[in-house]
Amino acid sequence: MPQNVYLLAVILLPFAGSLIAALLPANARNAEAWLAAAVALGCLGLLVFLYPGAGAAPVRYQLDWLPQAGLSFTLRVDGFAWAFACLITAIGALVVLYARYYMSPSDPVPRFFSFLQGFMGAMLGIVLSGNLIQLVFFWELTSLFSFLLIGYWHHNAAAREGARVALTVTGTGGLCLFAGVILLGHIVGSYDLDAVLAAGAEVRGHALYVPTLILILLGALTKSAQFPFHFWLPRAMTAPTPVSAYLHSATMVKAGVFLLVRLWPVLGGTNEWLWIVGTAGLATFIVGAYLAVFQNDLKGLLAYSTISHLGLITLLIGLDRPLALVAAIFHVFNHATFKASLFMAAGIIDHETGTRDLRRLSGLRKFMPKTAALAIVAAASMAGVPLLNGFLSKEMFFAETIETHDGSLLDDALPYIVTLASMLTVAYSLRFIREVFFGPPPTDLPRTPHEPPRWMRFPVELLVLTCLVVGIVPSLTIGPFLQLAVHSVLGSATPYYSLAIWHGFNWPLLMSVIALVGGVVLYLLLRKPLQHGLRSSLFAGRFKTQRLFDLVLVTVSWRWARSIERVFGTRRLQPQLLLLVSVALVAAALPALLHGLSLAPVALDGIDPALALVWAVGIACALGGTALAKFHRLAALILIGGSGLTTCLTFVWFSAPDLALTQIGVEIVTTVLLLLGLRWLPKQLEAGVVTANMSVLKRVQRLRDLAVATAAGAGVGLLAYAVMTRAAPDSLSRFFLQHAYSDGGGTNVVNVILVDFRGFDTLGEITVLAVVALTVFALLRRFRPAADSIDIPEQQRLQDEHDDAAADRSKGDTIADYLEVPAMIMQLLFPFIFIAAMYLLLRGHDQPGGGFVAGIAMAAALILQYMAGGARWIEARLRIHPLRWIGIGLLLALFTGAAALPLARPFLTSAFAYADIPWIGKVPLASAALFDLGVFSLVVGATALMLLALAHQSIRGHRRPAPGRASTPETN
Amino acid sequence: MELIVSLAIAVLTGSGVWLLLRPRTFQVIIGLALLSYAVNLFIFSTGRLKIGAAAILEKGQIGAPQAFADPVPQALVLTAIVISFATTALFLVVLLASRGLTGNDHVDGRDPE
């Protein structure tokens, strides 16, 4: 298989594993661990195949997604990414093994291993991304997964809090990074990593360089817990220890450092870089080491030590020299090995003794000698003791700080500062070892300590062995890999460096000796006070930024949000609608006011008196309906029906028969629908008294509304007039008119547009119709009418009373008598309307008609039967299944469209021919006609479903609301 | 002609907007119906008003835009008519449900104090 397939598999495996892990049973600890370990080792194995030779071009896998926007799914592995990916998967495998023994049987492990693998996948995504946007995506994914992992024990409030803070800080940083990357892509003109890496000089010379740099650094520094964003990391220690061991040694926090190294060739080499990155790193290095000394929690100490070491790495990157970069990369790997093993050791101690408090732990050397030996070696590596890997990178670090960078005062003081800070490193490492493993045997521990299970210790052993081997024979072990990683970042600028343990007596060695001796002395001085609860006075325990963070969070997400909602929000509909209309009005009026709206002179001589008369009626109907809508709903309904008919006539008048047909059909069903709804609305009886005792405020509001309505009406009218009196531009109508017959096979251009040229729009539209019908149906299934609407309407009650009173009559006779003739006609009409509907449907492609109007006509025919016979009568004779009509219609339309796909044509491509059917004659047989049949079926179903669901409410038994709300009924 | 149609559009829009701002749900639904007439007429009118223009092609004919009623606004309005029916139905049922739940036909579900 080609290499790029392996590359894709490396990314996909963890996510697939994550999915499977989530589906395993809750107590499958072994299966989960096997799966996760297999995934991690599988990725590692694939990475072996991907080993890039020194100087080889990066292996790439590219899948275009939105190439126009420069977005593609690109994977890319060079030496640096390869080394990082190996680190992620190798430590991942060890963490999985460790977690198998660490997690208790009562923990829901599927969630844990699923998140862990997802996190590993996201982390691999960051290092293997060849596209910057994609990198940011995976970056945010690590933030999300770390949130889930840190908050794994979500019954614990501190865990939830820690997870929330971590997500807020790193997520915000991620957004800054996103903005920075977009700027970077804007400068370079591409988001492709290779293109960006090649454009370093262009980026550094660009005017947007500084904002870009700051935004990207905000992302990287928050992720790597650099001062002053470091406070999320100690809080994240509430996570299960395997998570801490993974996130805070090899992965999460290293993502920031990874990005800094990755983009150093592009963004580095400037004073801004030196000052921002260098200062942040130096400050973090010192603050972290200082605070670590004062921690009493084992994991807290390791957390601050992690911050400090990340500061060291960041400082090295900030020093902006190739050799410093070599040291930084080297220390990334060294820190990962010794810190992962230390976290695991801390977890073992916690697991076996039940506490992590340094003041309670003591003398564990006798109880767990092997773990003690391992932890001592790892801590010595952290302190920078010779013959261990930590010593090597620290030597390189010291050597780099001695070099002159910009000759400032801080630069000159740097060697002294870092030596002092290294003393602190030695002091806390020593404290860790001395307090936990030496001294008198512990008293009152929650559990009796003993060695952990064999395989729980194995990952620690392996890591500590690595520390030793790398520390003793560096050039034989890590050497080639380091060279590979460094070369892929620095290319031809790779400096000469030596990995030897002994460089003779020189300044770095002296600094190491001073740090070691000073650290021991410092610890001896602080030991007693620390035992008795000495706390850091300088930063008062926790650093202030955390409190600032909380304050900002509360202010923004609570206080401001509330006041904004109070000022700008309303739950009342009328102000919202008023605002909406006013904004539309202003937006439409502004261009007209600014640029003028040249109107043609009004020509009164061309007015057709007939049309004027029609609209005189139409306008009167509209105004009357408006006036009566509150107190005389039925009259208002009839009147706006008049306006609708006028509209319909206007369509006929101006050569649009299709519109007129559809409009009149819809007019009928809308009126029926609203009539059915009237029954459930409350009576409004206060006509006449309204205007008399209206408050002043109400009057003002009504005047304001009147003004807005008038302005809106006048504006739209003027606009319409201005449009109509201008000459028509050459629009796309020309295309449709020219191609309707030749390409669509129909002479009714409107219908051809609907079912053929723009068939996809129509498909969407009928889907909307189906969704609305189903929503109406669902809403009405649980319909509870108001108490005063439940009683039988007055008229029906009077009729029933009359029927009951007469001896020879039964209930419902009056209404039957009353409608006898119309009912007979309506029943007889059914076949005729049905035929008319079919006629409209079949001829729609060539003559006015089509699926919409045919469907509405058909639905009207059904409704007429309901009106004539009553729901019970009709349903005893004819079952209508509107849901089936809808389903069949939608499927028919979809399949007609999909039928084009096997023929390698786009969705909804149509074909047509004329078929000679006996008796009927030549019938256009386009595939579009089938589509139209689907439209027809759906419209019938949807219309019938809505109307029938509403009609059924009248014959349904309605339960009365609880007493107290209901008014006392007179009858019944 | 243009004058009459624009006058009609103006009145329909004005009445529709006025009703939209009223407090009773039924007024709003009637307002929406009037507004949809206005909007449909407006969209239709952007294709210019033509009396007696052909609406249907002859077989095999390649139509010239001047001789025909503009089909594009018509196609738009045709879908708009059906969709406005659907929204009217949906709104009607929502207002009925709201009336059932609150016992009130004010748009906010309760009368202002």
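Which residue of chain B forms a salt bridge with Asp705(A), and how far apart are the closest N and O atoms of the pair? The partner is Arg22(B), and the closest N and O atoms of the two residues lie 2.4 Å apart. This pair belongs to a predicted model, in which 87 residues of chain B are in contact with 108 residues of chain A.

**Chain A as a whole**

- Chain A contains 38 helices and 4 strands, and of its 972 residues 52% count as buried.

**The interface between chain B and chain A**

- Together the two chains bury about 8600 Å² between them, with 77% of this area on carbon and sulfur atoms.
- The count of residue pairs in polar contact between chain B and chain A is 14, where both residues have pLDDT 80 or more.
- On the side of chain B that touches chain A, at least two residues are supplied by each of helix 1 (2-20), helix 2 (25-45) and helix 3 (71-102) of chain B.
- Helix 3 of chain B gives the largest share of that side, namely 24 residues.
- Sorted by class, the side of chain B that touches chain A is made up of 56 nonpolar, 20 polar and 11 charged residues.

**Salt bridges that cross the interface**

- Over all chains the structure holds 23 salt bridges, and across the interface of chain B and chain A the rule finds 3.
- One salt bridge pairs Asp108(B) with Arg572(A), and here the closest N and O atoms are 3.7 Å apart.
- Asp108(B) lies in the segment after helix 3 of chain B, while Arg572(A) lies in the loop between helix 23 (544-568) and helix 24 (573-595) of chain A, so this pair joins two chains.
- Asp108(B) counts as partly exposed, with a relative accessibility of 23%, and Arg572(A) is partly exposed as well, with a relative accessible area of 41%.
- The pair from the opening question also joins two chains, because Asp705(A) lies in helix 28 (residues 696-724) of chain A and Arg22(B) lies in the loop between helix 1 and helix 2 of chain B.
- Asp705(A), at 5% relative accessibility, counts as buried, and Arg22(B) is buried too, with a relative accessible area of 6%.

**Salt bridges within a chain**

- In chain B, Arg24(B) forms a salt bridge with Asp105(B), and the closest N and O atoms of this pair are 2.9 Å apart.
- This pair links distant parts of the chain, since Arg24(B) sits in the loop between helix 1 and helix 2 of chain B and Asp105(B) sits in the segment after helix 3 of chain B, 81 residues apart.
- Both Arg24(B) and Asp105(B) are buried.
- In chain A, a network of salt bridges links Arg60(A), Arg76(A), Asp78(A), Asp192(A), Asp194(A) and Arg262(A).

Conventions
Residues numbered from 1 in each chain as written. Chains lettered and ligands numbered in written order. Predicted model: local features only at pLDDT ≥ 70, side-chain atom pairs only at ≥ 80, totals over all residues. Heavy atoms only, no water. Buried < 20%, exposed > 50% of the residue type's maximum accessible area, 1.4 Å probe, protein only. Contact = heavy atoms within 4.5 Å. Buried area = accessible area lost by both parts, 1.4 Å probe. Salt bridge = Lys/Arg side-chain N within 4 Å of Asp/Glu carboxyl O. Polar contact = N/O pair within 3.5 Å; in protein donor to acceptor, adjacent residues only side chain to side chain. Nonpolar A, V, L, I, M, F, W, Y, C, P; charged D, E, K, R; others polar.
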